[in-house]
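Biologist: I am new to this one. Please pick a single part, look at it closely, and then connect it to its surroundings.

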Amino acid sequence: MSKSEICEHLIALGADFHRRGWALGTSGNFSVVIERAPLRLAITASSVDKSCMTSDHILEVDGRGRMLNGASGKPSAETLLHIAVVQATGASAVLHTHSVWSTILSDYHRGQGGFHIQGYEMLKGLEGVSTHEHEEWLPILENSQDIEALAGEAEALLKEQSNLHGFLIRRHGLYTWGQSLAEAKRHVEILEFLLESVGRRRMMEPIA
Ligand SMILES: [Zn+2]
């Protein structure tokens, strides 16, 4: 994809995710690999309302998160996390959302370091999954404002567990990715659906 096509897609995606409650306020951030070696990433700017982005809000950074092309603006505070995911998984696009269900469930299961999702037909929307019997592990990292440290943890986790489709940051949100922006978007839709299903189902259970 050209830079202008990437901008067009990310602007539409931002408005869509905002409308669905997955990137309210200025939350969430999205990136697409422009070039892999040396790494160049198109990423949403910091503190931008995702419902009304323009191409000025899509910035270009290198493999260390530094701005390229002498442009102005500030890339997302979580740029290093996007780079960590790209480097550990080989993904072409990384999407990060702040939904209610990812916020709640990442807190509820913090003691187990994550939780399994199993038995749902929608699991088949995850790349490489062909049966509802698949057991998807969704790990949880503790939230931190030290993004460099958090990116290091994420990279180590993803290198150790290469079968993941996403991870949660506690009381914060979801990270997922894909071999294309379309695949990453599908993973957000699938995982957010599953998180909401798991969360709502849990609310029907008696309090232990
Ligand atoms: Zn975030």
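**A close look at helix packing**

Modeller: H2 and H4 are roughly parallel to each other. Angles under 35 degrees count as roughly parallel, over 145 as roughly antiparallel, 65 to 115 as roughly perpendicular and the rest as oblique. The angle here is about 20 degrees, and the two axes lie 8 Å apart. Axes are lines fitted to C-alpha atoms, for helices over the stretch in contact, and angles run from 0 to 180 degrees between N-to-C directions.

Some ground rules first. This is a predicted model, where local features need pLDDT of at least 70 and side-chain atom pairs count only at pLDDT 80 or more, while totals for chains, interfaces and linings use all residues. Residues are numbered from 1 along each chain as its sequence is written, and side-chain values use heavy atoms, with hydrogens and water left out. Helices (H or I, at least four residues) and strands (E, at least two) are DSSP runs, numbered from the N terminus.

Now H4 itself. It covers residues 147-160, and its 14 residues should span 20 Å at 1.5 Å a residue; the end C-alpha atoms are 20 Å apart, which agrees. The expected span is 1.5 Å times one less than the number of residues.

Which residues of H4 are buried? They are Ile147, Leu150, Ala151, Ala154, Leu157 and Leu158. They line one face of the helix, because down the axis of H4 they fall within an arc of 125 degrees. That arc is taken from the directions from the helix axis to the C-beta atoms. Glu148, Lys159 and Glu160 are exposed on the other side of H4. Buried means under 20% relative accessible area, exposed over 50%, and partly exposed in between (1.4 Å probe, protein chains only).

What does the buried face of H4 pack against? Helix H2 (79-89) is one partner, and the strands S6 (135-141), S7 (166-169) and S8 (173-178) are the others. Contact means heavy atoms within 4.5 Å. From H2, the residues that meet H4 include Leu80, Leu81, Ala84 and Val85. Among those they meet in H4 are Ile147, Leu150, Ala151 and Ala154. H2 passes H4 in a right-handed crossing. A crossing is right-handed if the near helix is turned clockwise from the far one by less than a right angle, and left-handed if anticlockwise.

Two of those strands lead on to a loop. Arg171 sits between S7 and S8. Its phi is near 55 degrees, a positive value in a residue other than glycine. Arg171 is exposed, at 53% relative accessible area.

S6, S7 and S8 also take part in another packing. The buried residues of H3 pack against them, and against strand S4 (93-97), strand S5 (114-118) and helix H5 (181-203). H3 runs over residues 100-108, and its buried residues are Trp101, Ser102, Leu105, Ser106 and Asp107.

How do H3 and H5 meet? They pack at an angle of about 60 degrees, with axes 9 Å apart. That makes H3 oblique to H5. H3 passes H5 in a left-handed crossing. From H3, Trp101, Ser102, Leu105 and Tyr108 make the contacts. Their partners in H5 include Glu192, Leu195, Val198 and Met203.
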